[in-house]
Amino acid sequence: MVQYLNQQLVVSGKIDFENAEQQYQAGLAIIKKQQSFPLVVDLTELEHGSTLALAVLVQWLRETPKNTGLHFKNVPEKMLKIIQACHLQDDLQMI
């Protein structure tokens, strides 16, 4: 599930092939309503840091001003390894 809580985009549960489009659209709707950036994306409750989940995050990032409007926090360890393997650590702002 994707929701806007405490001025953050909070991702919880799984992002998988069955719900990736729905999760993407839910996050995009939140991003489009924002007046100021960067927006923090909290991944504390994300159950599985997969390549598909990362793809959704990157697509969200592309919808922000200058492709830099998201900061990610509490990134799961597995997703951090994928980010490093794909050499995306310079493109994704992590806090």
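Helices (H or I, at least four residues) and strands (E, at least two) are DSSP runs, numbered from the N terminus. The structure is a predicted model, in which local features need pLDDT of at least 70 and side-chain atom pairs count only at pLDDT 80 or more, while totals for chains, interfaces and linings use all residues. Residues are numbered from 1 along each chain as its sequence is written, and side-chain values use heavy atoms, with hydrogens and water left out.

The unreviewed UniProt entry annotates residues 9-95 as "domain: STAS"; such annotations may be inferred rather than shown by experiment, and positions follow the numbering used here, with feature names shortened. This span is 40% helix and 22% strand, and its end C-alpha atoms lie 14 Å apart.

Two helix pairs are described below. Axes are lines fitted to C-alpha atoms, for helices over the stretch in contact, and angles run from 0 to 180 degrees between N-to-C directions.

| Helix pair | Axis distance | Angle |
|---|---|---|
| α1 (residues 20-33) and α2 (residues 51-62) | 10 Å | about 30° |
| α2 and α3 (residues 77-85) | within 10 Å | roughly 70° |

The angle makes α1 roughly parallel to α2 (under 35 degrees). In their contact (heavy atoms within 4.5 Å), α1 contributes A20, Q23, Y24, G27, L28 and I31, and α2 contributes L52, V56, Q59 and W60.

Helices α2 and α3 are therefore roughly perpendicular to each other (65 to 115 degrees). Here T51, A53, L54 and L57 of α2 meet M79, I82 and I83 of α3.

Note on methods
Parallel < 35°, antiparallel > 145°, perpendicular 65-115°, else oblique.
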